[in-house]
Structure formats: structure tokens, C-alpha cells
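Okay, everyone, thanks for coming.

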Amino acid sequence: MPSSRRKTSAVLKDFLAEIHRLEEFDSDNQLKFSSLGRRGGLSLRQLHLLTEHIFFVAFRTYEGFIRDLFLLYCLEKSHSSGKKVVSYLRPMDFNHTEDLIQSSMPFLDWTNPNKVIERAETYLKDGFPVKKPYEANIQPLRDFKGIRNHIAHNSKDSLEEFKKVIKRHYRTMPLVIPSPGEFLLLPDRSDPGKYKLLVFFELMKNLADQLV
């Protein structure tokens, strides 16, 4: 089905289905790690690498979700609240919408929450329905972007941003910098009963519900 004919609810359904699949993958890895020494067990290093992979795929899935959703809202697709979405663009279809927004830029960055907020203010009246959910979750979105970028680039610059995320967690810089996979398995300060990957899943699902 052409993207322009899709409903926002269908985009949400597909996104949640993929996140659920990744949650099950993570749960299975945790079980395999706990059975280390038996056939099929995972080492700690393997668990860290698989956790990075799951997080990166989940983040990429979210990028696709917000891209599709934003373009649909620029076509004035309805929001579940019943409040009318008003677009400043007058595109012909889904692909034309993306062309108009991208213009001369080499690509559209959907990983940066500040960019998404700015884009919402530019193309949607009052930024609705994207701006407020993003503003309410801005710091965790920035932190998870920092983790994502370090997994993707593993550069000097990405490491410096990753260190800022680590420092916000520890309140100081540890002597040994954990890998992204190791960090994602640490208990989260906001919810010590869950490790950070699970908190990321919850954030993505809650944010998606608010956006749709």
C-alpha cells in the first residue's frame, strides 16, 4: 500500500510489532547468558555485543517510524485526539512531502530530537502533534542518541558525547569507560528495577503512543 494511503495507526502497529520482536530477542539472550556453561550459553562479551545490536536496530526502527509519521502529518493525516493536524506544506503525495522537506540537504536526520522539534515548528502548526511529546522527553532522547551514535561511529567525537551520557548516569566519570552494550545493561537511575535497554524500549513505546 502506498505510504500516503497508510493510517498513522498502521504505522504505530508495525513499529510496536518490531519492538516486541526485539524485546523477545533480548529476553532470549538474557536466558542464554544465565545458562552459560551449558549448550547455547552466551558469554558476557557476546551479551554486550548482542545488546548493542538490539538497541541499534530498535533505534533505526524508531527513525523509520518517526519519519513515516511526520510525513503523514504533513499530509494532514488525523491524530487520535481528534484535534486537526495543520500542515504548512501542500505536497502532492508522501514522496513529494519528503522531497520538499529535504530540499537541498543530503539527508534528513531523524535521530536528533532538536532537529525533529525544529522541523515540527517549521512544517506543522504549533508543532502539533510532534513538538510537545519530544520536548517532554528531550533529555533521554538526547542520551539514547549519544549511545546510538557511538555504536554507529565509534569515533573520537562520538566517544566524547557518550562520556557525557555516562557522566549523567554515574554523576562522575568512572575509571573504566563501559562499552555501549555494557552500559545499556546497567540499572537505570529513574527505574532501578530495569536496565537501560528496557527503559529505552518503554520510552520508545510511550513516545510512539503520544505521537499517534
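Let's start with a helix pair: L12, F15, L16, I19, L22, E23 and D26 in helix 1 meet L197, L198, F201, E202, M204, K205, A208 and D209 in helix 9. Contact here means heavy atoms within 4.5 Å, and helices are DSSP runs of H or I with at least four residues, numbered from the N terminus. Split by class, that contact has ten nonpolar, no polar and five charged residues. For the classes, Ala, Val, Leu, Ile, Met, Phe, Trp, Tyr, Cys and Pro count as nonpolar, Asp, Glu, Lys and Arg as charged, and the others, Gly among them, as polar.

Quick housekeeping: this is a predicted model, with local features needing pLDDT of at least 70 and side-chain atom pairs counted only at pLDDT 80 or more, while totals for chains, interfaces and linings use all residues. Residues are numbered from 1 along each chain as its sequence is written, and side-chain values use heavy atoms, leaving out hydrogens and water.

Back to our pair. Helix 1 (residues 8-34) and helix 9 (residues 196-211) pack at about 170°, axes 11 Å apart. Axes are lines fitted to C-alpha atoms, for helices over the stretch in contact, and angles run from 0 to 180 degrees between N-to-C directions. Helix 1 and helix 9 are therefore roughly antiparallel; the cut-offs are under 35 degrees for roughly parallel, over 145 for roughly antiparallel, 65 to 115 for roughly perpendicular, and oblique for the rest.

Now, helix 2. Helix 2 (residues 44-74) packs against helix 4 (residues 113-123) at about 10°, again with axes 11 Å apart, so those two are roughly parallel. I66, F70 and C74 come from helix 2, and V116, R119, A120 and Y123 from helix 4. That contact has six nonpolar residues, no polar and one charged.

Helix 2 also meets helix 6 (residues 138-153): their axes come within 10 Å and cross at roughly 115°. On the helix 2 side we have E52, F55, F56, F59 and E63, facing F144, K145, I147, R148, I151 and A152 of helix 6. The tally is seven nonpolar, no polar and four charged.

Most residues other than glycine have a negative phi, and most peptide bonds are trans. Yet F128 and P129 are joined by a cis peptide bond, omega about 5°, with P129 in the loop between helix 4 and helix 5 (131-136). Then there's N154, not a glycine, with a positive phi of about 45°; N154 sits in the loop between helix 6 and helix 7 (156-170).
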